[in-house]
Amino acid sequence: MNKTNDDAERFLPLRANWFHILVSLADSDRHGYGIMQEVEERTAGGVHLWPATLYGSIKKMLEEKLIAEAGSPQDAAGDDPRRRYYTISNLGLEVLRCETHRLETLVAGARAKPAVGHGERTP
Amino acid sequence: MTGFYRLVLWLLPGDLRRDFGPEMLQTVALLSRDPRYQTIGGRLRLLAALTRDGLISAWRTRGADARGGRPLPPSQQPPFPGKATLMDFVWLDLRAALRTLRKNAGFTALAVLTLGLGIGANVAVFGVLNAVLLRPLPYDDPDQLVVLAETFRGNSANASYPNVADWQERADLFEGITGFDDRKVFNLTGGDMPQQVYGASATAGFFDVLGVAPLRGRTFRPDDDVPEAAKVVVLSERLWRDAFGADEQIVGRDLRMNGEPYTVIGVVPASLRIPNREDLWVPLATHPYGDDRLQVRSETILEVIGRLKPGVTLAQGRDQISAIAAALAANHPGELDGRGATAWPLRDDVVGNIEPVLDLMLAAVGIVLLIAVVNVTNMSLARAVTRRREVSLRMALGAGPWRLARGQLIESGVLAVSGGVLGATFASWIVPWVLAMNPDALPTGITVELAPDAAMLAFVAGLVTLSTLGAGLVPVMLTRSRRLTGPLQDGSGAASGGAFATRVRNGLVVVEVALSLVLLAGAALLVQSLTRAARIEPGFATEGLLTARIDLPVTEYDADAQRRFFDQLRERLGGLPRIQSVGLVSRLPLSGATSISAFDVDGMGEVPADERPAAHIRTVGPGYFEALSIPLVRGRTFDENDGVSTFGVIVDEELAEQLWPGEEAIGKQIRESAATPWVPVVGVVGRTRHWGQLFAPTQTLYLPYKMLPEASMHVVLRTEGEPATLTPTLREIVREIDPALPVNDVQSMEERVAGSLARPRFNTALLSVFAAVAVALGALGIYGTIAWSVAQRRREIGVRLALGARQGDVRRMVVAQGLRLTLLGVALGVPAALAAARLIESQLFQIEPTDPATLAAVATAIGAVALAASWLSARQATRVDPLTSLRTE
């Protein structure tokens with residue numbers, strides 16, 4: 001196990017909010033409201049990160065260096081200067097991979113049971 | 001929305017607010033533009049979500065702060081080794097608050113008592129409200145249950161059996177319709193001992209419509225409700241327990257009722273209270289009336305309840321029933337002329353007109369709570385000001401405003417929770433007592449148990465939270481604004497500073513005075529209204545009258561037997577020495593029951609069926625008017641021959657003036673319909689108020705009972721001496737005529753009069769108590785404020801006295817200060833009281849809501865109380881020894 005991996009393991013299991021934020025930043029830099037919207041769309045309205053929770057998490061994740069501030073992208077020239085963009089760090093990406101792997105293992109274990117299977121959720 | 005979110009931000013840790021505040025506000029601005037949050041409901045949802053999010057984050061992040069991160073200021077250094085959580089600090093604050101409160105036992109007791117009074121009054125009224133309005137009907141899906149009734153000239157009454165049968169067949173918007181008749185008396189044998197019980201006969205669907213499941217056995221099936229079916233009976237849980245010792249083998253047991261065999265098929269729970277507290281139910285068809293009235297469409301003898309199908313509204317159901325009734329009326333001309341049908345929620349029938357009263361009470365106790373909270377705020381503020389030095393010291397040592405505010409809020413929280421516990425205890429003790437004293441105060445069938453159900457717990461929690469915030473917030477805000485923190489610099493303490501706090505306290509006192517004035521004015525209006533109502537003559541002499549009801553079982557008494565029974569009863573009673581006169585009447589004044597019929601008037605010509613004159617019909621015996629001392633205006637009263645060999649009716653002045661204004665009524669003729677002969681008016685008697693003093697006299701037509709006997713009649717005895725002493729005699733004579741017959745509803749007429757005013761009297765008493773509490777709390781507030789300001793000015797007063805000011809001058813100065821606040825409060829309270837009086841307009845009788853004399857009297861009373869409170873503090877002020885007061889500083 002290399003050092004990055006050790007660093008990443010420290011965050012596991014990852015808090016759900018942090019996981020969603022990292023997923024949201026995995027493909028593109030976003031501002032806070034953008035993260036909020038992406039998470040809501042991706043989870044079909046299942047998860048809503050309200051501002052105090054979102055920025056509380058962002059603050060902590062900045063401190064933990066899981067994410068970093070990004071410069072505004074080119075097409076955002078007309079944006080409000082208060083609006084900051086966030087990008088995922090290498091550590092953040094590693095943590096996201098580790099957590100995803102961990103969750104996969106968990107899910108695979110559960111799926112192996114016939115009672116759980118791959119069926120739809122019963123209403 | 002962003003303005004609101006600034007408040008939420010204030011909850012969050014300073015660094016998060018500093019680093020991300022503007023960005024968060026911008027995000028909230030973007031969020032609020034989302035189409036989902038454009039409606040009012042959406043806005044509220046967003047508001048709730050943001051608040052919840054803020055509170056949860058504040059809790060979590062502060063907990064995280066406490067666990068580590070940036071170093072804590074010295075005041076917040078945890079005394080715990082290792083990890084301390086926010087809860088640890090809250091616990092510390094809690095202990096500090098308890099310590100402080102214990103040290104200031106006087107303040108604590110007063111504050112807890114004040115809040116306890118306010119919260120207790122609210123819990124009590126909410127408990128009743130909860131029982132009456134929020135969970136009134138113990139039936140399945142009670143909102144789908146409606147009362148159906150035939151209408152006739154704006155009056156709605158019961159319905160006839162043939163009509164109900166047609167409704168059942170045609171009304172497809174209803175899941176079921178049931179008719180029942182509750183005036184059934186049974187002689188029951190076969191239980192622990194023979195007894196008289198009350199029951200209702202009902203159509204087969206009765207229990208299914210209400211959605212009541214049996215405790216044992218089954219309820220009616222359609223084949224039980226046919227004339228040739230075997231006689232079956234469903235018992236109430238109460239009768240089952242009382243008369244059969246909760247016999248598990250009750251189902252299938254044979255009973256004898258009125259001499260006939262019945263089989264018990266089931267037991268239903270005690271919560272079923274429709275129509276009243278019945279002991280048992282029998283199918284309508286197997287319990288005939290002994291005459292043909294179940295076949296007559298105009299005999300409205302059944303009460304009717306229907307259950308709307310899911311999704312069908314009341315209006316749709318009512319329209320359908322009304323359309324069916326119109327079709328029936330068209331098919332049965334003559335019999336159903338002018339008759340329609342309507343529907344209203346069953347809940348209205350049970351809850352009745354108590355809803356506005358309870359709303360009023362809730363508003364009143366809301367004001368009491370407000371005054372209580374204002375008082376505690378005031379007291380806390382006074383303490384906050386005297387604790388300025390402590391606060392300054394703590395701030396200087398590094399305590400942040402959040403920390404100080406938390407301490408203050410926890411302290412007011414402790415007070416509020418204690419007040420809540422006290423109040424709830426107080427309410428659970430007082431409510432059953434008050435209701436037991438006033439059994440008529442609530443609609444029948446409603447029981448109030450101050451059960452700590454979810455609604456009640458939520459309500460108490462809400463009150464406690466409100467009180468905590470109310471009593472804690474103002475001091476917290478003052479702490480935050482640092483207006484209280486000057487004294488560490490100037491060192492002079494009490495004598496200077498605090499001007500802002502003084503203004504706030506004065507403002508609060510003004511509000512208190514205004515609020516107590518509003519309540520007192522309302523109470524004064526109701527008291528006067530009640531006094532005036534009690535003074536109104538009901539149209540008959542109420543003293544010395546004993547009344548009782550006798551219900552003859554129609555299975556044993558046909559019309560002739562009924563006539564014979566009542567003849568015999570009158571004869572036996574009339575021969576007794578202490579009875580002056582004996583009256584009989586079908587519906588006693590103030591009994592709350594009536595029957596209205598239309599008739600033809602000779603000489604009026606052809607009148608459309610729905611415009612025929614109508615009146616309240618009373619069947620009376622000879623001696624009725626004499627017994628009640630209803631004055632005979634003209635003509636004669638009934639004698640023994642009326643209804644036998646001579647025929648005549650008597651009208652009251654109200655009806656005579658309506659039918660023949662300015663003419664002689666005697667000799668005019670009326671008839672029930674074209675099929676009956678004309679009958680002359682033989683007498684005119686005085687007006688009576690049938691419904692009670694609060695209602696106008698009714699137009700009444702009196703018929704002799706021998707012409708039209710009824711199975712259920714009231715006996716009225718004019719007695720010498722105390723009426724109640726004749727009760728045993730009455731029972732004995734009835735027993736001599738028919739040993740199986742009970743005497744029901746025995747009351748003196750004065751008790752009935754008192755009963756008819758029971759509910760208004762109860763409301764008035766309650767509101768007066770609330771007003772008294774409000775005024776007492778208000779006076780306490782004024783006294784406290786003045787006393788506090790006197791204490792603040794101790795040195796100044798000492799100096800004045802030392803320099804030769806007279807005691808009288810100082811007193812006048814202090815009293816003037818109190819008077820100024822009082823006058824301001826009165827000036828504010830009078831318009832508020834005028835506005836509030838409109839709310840109780842419907843409860844008022846013979847008095848205008850804006851009655852100037854009442855308002856003036858109330859304002860004067862409040863002024864006097866305030867003056868007394870100021871004078872008390874002024875007296876203390878002048879007891880100041882100049883030397884002592886100068887030395888203390």
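This is a predicted model: local features need pLDDT of at least 70, side-chain atom pairs count only at pLDDT 80 or more; totals for chains, interfaces and linings use all residues.

User: What's phi like at B:S629?
Analyst: Phi of B:S629 is near 55°, a positive value, and the residue is not a glycine. For background, most residues other than glycine have a negative phi, and most peptide bonds are trans.

User: And is B:S629 buried, exposed or partly exposed?
Analyst: B:S629 is partly exposed, because 16 other C-beta atoms lie within 10 Å. The cut-off for buried is 20 or more, and exposed is 12 or fewer.

User: Which residue in chain A has a positive phi without being a glycine?
Analyst: A:K65 has one, with a phi of about 60°. A:K65 is in the loop between α4 and β2 of chain A.

User: Is A:K65 buried or exposed, and why?
Analyst: A:K65 is exposed, because it has 12 other C-beta atoms within 10 Å.

User: You mentioned peptide bonds. Where's a cis one?
Analyst: Look at the bond from A:L12 to A:P13: it is cis, with omega near -15°. A:P13 belongs to the loop between α1 (3-9) and α2 (16-26) of chain A.

User: OK, zoom out. How many helices and strands does chain A have?
Analyst: Chain A has five helices and three strands. Going along the sequence, the pattern reads α-α-β-α-α-β-β-α. Of the 123 residues of chain A, 28% count as buried.

User: How many bridges join β1(A) to β3 of chain A?
Analyst: Two bridges join β1(A) to β3 (residues 85-88) of chain A, and the two strands run antiparallel. There, A:R30 stands opposite A:Y86 in β3(A). In general, strands of a sheet pair through backbone hydrogen bonds.

User: What does β7(B) pair with?
Analyst: β7(B) pairs with β8 (residues 260-268) of chain B, in the antiparallel sense, over four bridges. B:D254 stands opposite B:T263 in β8(B). The hairpin of β7(B) and β8(B) has two residues between the strands, and in this hairpin B:N258 takes a positive phi near 50°.

User: What about B:V209, where is that?
Analyst: B:V209 lies in helix α7 (residues 206-210) of chain B. B:V209 is buried, because 25 other C-beta atoms lie within 10 Å.

User: Which residues does B:V209 touch?
Analyst: Leaving out residues up to four places away in sequence, B:V209 touches B:G176, B:I177, B:T178, B:I305, B:G306 and B:R307. B:V209 and B:G176 are 33 residues apart along the chain, yet their C-alpha atoms are separated by 5.6 Å.

User: Last one: how many residues does each chain put into the contact?
Analyst: Chain A gives 14 residues and chain B gives 18 residues. On the side of chain A that touches chain B, the elements giving two or more residues are α3 (32-42) and α4 (51-63) of chain A. The largest share of that side, six residues, comes from α4(A). By class, the side of chain A that touches chain B has six nonpolar, three polar and five charged residues.

Terms used. Residues are numbered from 1 along each chain as its sequence is written. Chains are lettered from A and ligands numbered from 1 in the order in which they are written. Two residues are in contact if their C-beta atoms, placed from the backbone, lie within 7 Å. Ala, Val, Leu, Ile, Met, Phe, Trp, Tyr, Cys and Pro count as nonpolar, Asp, Glu, Lys and Arg as charged, and the others, Gly among them, as polar. Two strands pair if DSSP finds at least two bridges between them.
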